Amino acid sequence: MPLFHAGERIRVLDLGKAGHVRIPAYVRGHVGTVVQFCGVFLNPEDLAIGNAGGCVVGCYRVEFLQTDLWTDYSEYPDDTLVTEIYEHWMEPAHG
Amino acid sequence: MRGYHDIGGSLSGPIPRTELPWLDWEKRVEAIRNLLGDSTRRVISLDEMRRGFESFGPEKYRTLSFYRRRLEAMIDILEEKGVLTRAELAAAVENSVQEPGET
């Protein structure tokens, strides 16, 4: 069952993990809106070290305002960026 | 913790918009990767290979081309799993018979 739902505001965590992670640095700490639950998948952080027996994790498409991500992005204030974020990298954002 | 490969948002200068040829050896690297990662073999996952070239260190990573990174990472992981050693691979390449039609 998905923990987050479309329309919900979430903040991307910065887990400070070494090794292979799929969450780019430029979205960490930023607030976005869940667009879609994509299903559950084996955790790429486990697969990267040859562990195919770990728990599955939810994955979501999350939309960010470009102006929230970049300090010098002022020309097109409505532009958005959608990227996929695994559930353990997300927390509810309030406000 | 930001990997040296995680370059989204970094200044890059102008992007060269030239079409690069897909070289024969590069296609072979990708074919081998597909075979090693397919659902029957599962020898190397895409994530393992990525962990491989994300562990090269920035110097080596930046020096190698896209397919060279993939090739080197696959060899590293195969060595790590005890499938082959670089010495065995070098010997096999040395002893390989040239295929007909190749120069």
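The points below go through the two chains of this predicted model and then the places where they meet.

1. On conventions, residues are numbered from 1 along each chain as its sequence is written, while chains are lettered from A and ligands numbered from 1 in the order in which they are written. Because the model is predicted, local features need pLDDT of at least 70 and side-chain atom pairs count only at pLDDT 80 or more, whereas totals for chains, interfaces and linings use all residues.

2. Chain A has two helices and five strands, where helices (H or I, at least four residues) and strands (E, at least two) are DSSP runs numbered from the N terminus. Read from the N terminus on, the elements of chain A come in the order β-β-α-β-α-β-β, and the C-alpha trace of this chain spans about 45 × 30 × 20 Å along its principal axes. Of the 95 residues in chain A, 20% are buried; a residue is buried if 20 or more other C-beta atoms lie within 10 Å of its own, exposed if 12 or fewer, and partly exposed in between, with C-beta atoms placed from the backbone.

3. The strands of chain A can be followed through their pairing, for which DSSP must find at least two bridges between two strands. Strand β1(A), residues 9-12, pairs with β2(A), residues 31-42, in the antiparallel sense over three bridges, and in β2(A) the bridge partner of A:I10 is A:G32. Three bridges also join β1(A) to β5(A), residues 90-92, again antiparallel, with A:M90 as the bridge partner of A:V12.

4. The pairing continues from β2(A) to β3(A), which are antiparallel over eight bridges, and here A:V40 stands opposite A:G58. Strand β3(A) is in turn joined by seven bridges to β4(A), residues 80-86, also running antiparallel, and A:L65 stands opposite A:T80 in that strand.

5. In a regular strand the side chains alternate between the two faces of the sheet.

6. The largest nonpolar core has 13 residues, of which A:V12, A:I23, A:Y60, A:V62, A:I85, A:W89 and A:M90 touch the most other members; a nonpolar core is a set of buried Ala, Val, Leu, Ile, Met, Phe, Trp, Tyr and Cys residues joined through C-beta atoms within 7 Å. Strands β1 and β3 (56-65) of chain A each supply at least two residues of this core, and β3(A) gives the most, with four residues. Leaving aside neighbours within four places in sequence, A:W89 is in contact with A:V12, A:L13, A:L15 and A:I23, contact being defined as C-beta atoms, placed from the backbone, that lie within 7 Å. Apart from this core lies another, of six residues, among them B:M49, B:F53, B:A73 and B:M74.

7. Helix α4(B), residues 66-80, has 15 residues and reaches 21 Å from its first C-alpha to its last, close to the 21 Å expected, where the expected span is 1.5 Å times one less than the number of residues. In this helix B:R69, B:R70, B:L71, B:A73 and B:M74 are buried, and the buried residues of α4(B) pack against α1 (24-37), α2 (46-53) and α3 (58-63) of chain B. The helix is followed by B:G82, whose phi is positive, near 75°.

8. Between the chains, 11 residues of chain B are in contact with 14 residues of chain A. Residue A:I49, in the loop between α1 (44-47) and β3 of chain A, is in contact with A:G19 and B:R51 when its neighbours within four places in sequence are left aside. With 13 C-beta neighbours inside 10 Å, A:I49 counts as partly exposed.

Notes
Two residues are in contact if their C-beta atoms, placed from the backbone, lie within 7 Å.
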